Amino acid sequence: MSEYTKQIGAARKGVPEEATQELTMPQYLKKLATPFNIVAGIIVLVGLGLIVVRYTMGLGAVTSASQDQPWGLFLNIGLFSGVPLSASGFVLGTVVFIFGLKHYEPVVKNAVLLGFLGYLFAVIFLLIDLGRPWRLPYPMAVSFGTTSVLFLVAWHVALYLSCQFLEFVPSLFEWAGWKVLRRWTIKLTIGLTIFGIMLSTLHQSALGALFLLAPGKLHPLWYTPYLPVLFLNSAIAGGLCLVIFVTYLTRRFLKEQADAEYLASIDKITLGLGKGVSLVLITYFAVKIIALAHGNHWSLLNTTYGYWYLVEILGFVLLPGILFALGSRSKNVGLVQFTALLTIIGVVINRINVSLIALNWQLPEREFFDLREFLIVIGVITIEVLVYRWIVSHMPILRRHPDYENEHE
Amino acid sequence: MEKKLDVKTTNKCKPRSILSPDLSTVKISRRGFLKGNAALAGALLLWDALGEPAKGLAREINGWPDRYGMLTDLTRCFGCRICEKACNKANDLEPPATPFEDKSVFEEKRRVNAHTNETYTVVNRYADPKTGEPVYRKVQCNHCAEPACASACPVSALKKSPDGPVLYNENLCIGCRYCMTACPFYVPAFEYFDAGSPAIRKCSMCYTRRISKGEVPACASECPVEAITFGKRSELIKLAREKIVRNPDKYIDHIYGENEFGGTDWLYISGIAFEEMDFPSDTGTTPLPEFTREFLSAVPLVLVMWPALFGGVYLFSKNRSRTAEAGTENTKKEGNQS
Ligand code: SF4
Ligand code: SF4
């Protein structure tokens, strides 16, 4: 192990709160008051304030949701976009633990953490959006709507959240110093990963299958019997891209939390993952074209919805697919990282299209956007980022814990 | 014109593409892939314990020939809104913002709105495209034979009763609003401005308040011109057909709801094309729950096969890396010896 790792390890061992211990309160507060934190704090406060309004005056007071367009940004972004991007944990787990590609291991803990937080916050978004959030456990415990795809999603998200938590706890136990518990949970890794693949395959595709029920409401360019396959496919791309992009961010902003092994591995991992995503995106593009041909909807391309559809599949699927291939071939890490961001945006655009813009497209008047709703979404995502940063700054996510440095898993 | 064309295309292609997807064009064919492994299906007790989702509701529904329905004769309706008033009274709803006698509401196309919560039915005005005369459409839940809303509900708060009406149980509803996304007629309404106990609002055909007491639903009983008839659905279809046959000049030859989306228990006959009154026209005759059934029936197979598949890959790759490691160690030793 490098000298660098040891230094970090020694500095952190057993004293996770060293910042507060060494500084006096005013000093600590001053250290906290970075421009980033101040802006984040304001966004979070505004969001929380509006959430209070939502819980006291009803969903209608803070959203543009209407009788005809019942699902808004909370679900479009929090659930339909958040869940595919959080496929990071399951995809990287499969690559490393099942396929045995060990050189991706340095980023696995980070991918699992991102996945876990993504699901946790998807549930938080659900709690904001459900009319009666305190009944969240009803599909699990009180009444079973077995004909409902949403019933399946509810079960799977609940099970998978627990699964991801168990995958994440070894890092937590390392931080807390609970060695026995850690050893037990590490033993579960393979089982959890396979369980995670099962659950993820099903609920990622189920999110697409939700819309199969509304053939007359979803625009024919987006409605296809392949929706489940497409959703699963783009979730794999989204999860991989989130890992690529967040890995870039950690190297830029959280470098001091990482060990040399992690930092040194980033370039190679980025290029490798980029190559993988390129294949996934090209496949996705092909299925999209098959769906288009199969429905024989070519003539619809020459309409406003058609142009928007083309922007989506050319600009955010085909283009990144090509850029990934070019980037990984010419070993251009920066290009791959940029393309990952492009793909993440593409996944979000696709989910917003399917669950908002192309849905109910025949209604004469629709309202998509409410500033208050948007501010809540931004506020909650900011909380997620802060929680992520806190965990990465305290727990051994981007580094090995010194006690287990020489362990081979 | 262009828009309509689009709609037609979808209409034709969708049911076909769902029921017999051209699997030869796709690599990943769920069905073929899964069928080949039908032997594994025996192990599906896990899902069966929860109730089998793939069971065809259609067969059950056809087994309820005595279920009730309603028939609205749109040629008779003259927009008096007495049905709205009767609905309000029968269901103890909120007093209306504009009185039920006020005809100015026809300037807009209205829908059942849970925010004001005045009625579970509204009447809208359209113009006969030929004569320009006003025609009226009464809107409420159509009590589908195989309701998309009920199949969508994750907690079975919405249920089709064997008597016909699609009923809502507020005590189970979690407020996810998937029923609203699913309903092809934009019927269920949600109380967006209630933070404490927001509920879905929709017509129940007066099932608990009247039918179960042997009374006719309020709108049908109050309508002054008998535009709404309550009865056994099978009888209503006969009645509708008779009316059409007897007055071919008055009615178009179409009973809306007989086959739309696999059939609805609320039926309509009209003098002008139903599209002219915003009835969904791209309906097909496949009940909407069919469109998710195939997906749900693939679920147990994934649950059974994935562990075997990925467990196998794991063992394989582990084995391979062991052999590789052993190989490198051997070479090292050899190197040391020499
Ligand atoms: S019309 Fe809509 S709300 Fe009524 S039964 Fe059919 S799907 Fe359900
Ligand atoms: S809003 Fe209520 S009734 Fe509608 S699908 Fe959700 S739980 Fe069921």
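Tutor: In this predicted model, the contact between the two chains draws 77 residues from chain B and 73 residues from chain A. The size of an interface is often given as the accessible area lost when the parts come together. Here chain B and chain A bury about 6,500 Å² between them, and 66% of that area lies on carbon and sulfur atoms. On the side of chain B, B:Tyr186, B:Tyr192 and B:Phe295 supply 11% of the area that chain B buries against chain A, more than any other three residues.

Chain B also provides the residues that come nearest to both ligands. By class, the shell of ligand 1 consists of eleven nonpolar, two polar and one charged residues. Ligand 2 is surrounded by 13 residues, and the closest are B:Cys153, B:Cys173, B:Cys176, B:Arg177 and B:Cys179. The shell of ligand 2 divides into eleven nonpolar residues, one polar and one charged.

Within chain A, attention may turn to helix 12 of chain A, which spans residues 189-209. Helix 12 of chain A packs with helix 7 of chain A (residues 88-98) at an angle of about 135°, their axes lying 9 Å apart. The two are therefore oblique to each other, and their crossing is left-handed. From helix 7 of chain A, the residues A:Phe90, A:Gly93, A:Thr94, A:Phe97 and A:Ile98 take part, and they meet residues of helix 12 of chain A including A:Thr189, A:Ile190, A:Thr193 and A:Ser200. This contact of helix 7 of chain A with helix 12 of chain A comprises six nonpolar and six polar residues, with no charged ones.

Helix 12 of chain A also packs with helix 13 of chain A (residues 227-253), at an angle of about 125° and with the axes 7 Å apart. This pair is therefore oblique as well, but its crossing is right-handed. Among the residues that make the contact are A:Ser200, A:Gln204 and A:Leu207 of helix 12 of chain A, together with A:Leu227, A:Phe231 and A:Ala235 of helix 13 of chain A.

Residues including A:Leu113, A:Leu117 and A:Phe121 of helix 8 of chain A meet residues including A:Val380, A:Glu384 and A:Val387 of helix 17 of chain A. By class, this contact of helix 8 of chain A with helix 17 of chain A has 16 nonpolar residues, two polar and one charged.

Note on methods:
Residues are numbered from 1 along each chain as its sequence is written. Chains are lettered from A and ligands numbered from 1 in the order in which they are written. This is a predicted model: local features need pLDDT of at least 70, side-chain atom pairs count only at pLDDT 80 or more; totals for chains, interfaces and linings use all residues. Side-chain values use heavy atoms; hydrogens and water are left out. A residue is near a molecule or strand if one of its heavy atoms lies within 4 Å of it. Ala, Val, Leu, Ile, Met, Phe, Trp, Tyr, Cys and Pro count as nonpolar, Asp, Glu, Lys and Arg as charged, and the others, Gly among them, as polar. Axes are lines fitted to C-alpha atoms, for helices over the stretch in contact, and angles run from 0 to 180 degrees between N-to-C directions. Helices (H or I, at least four residues) and strands (E, at least two) are DSSP runs, numbered from the N terminus. Angles under 35 degrees count as roughly parallel, over 145 as roughly antiparallel, 65 to 115 as roughly perpendicular and the rest as oblique. A crossing is left-handed if the near helix is turned anticlockwise from the far one by less than a right angle, and right-handed if clockwise. Contact means heavy atoms within 4.5 Å. Buried area is the accessible area (1.4 Å probe) that two parts lose on being put together, summed over both.
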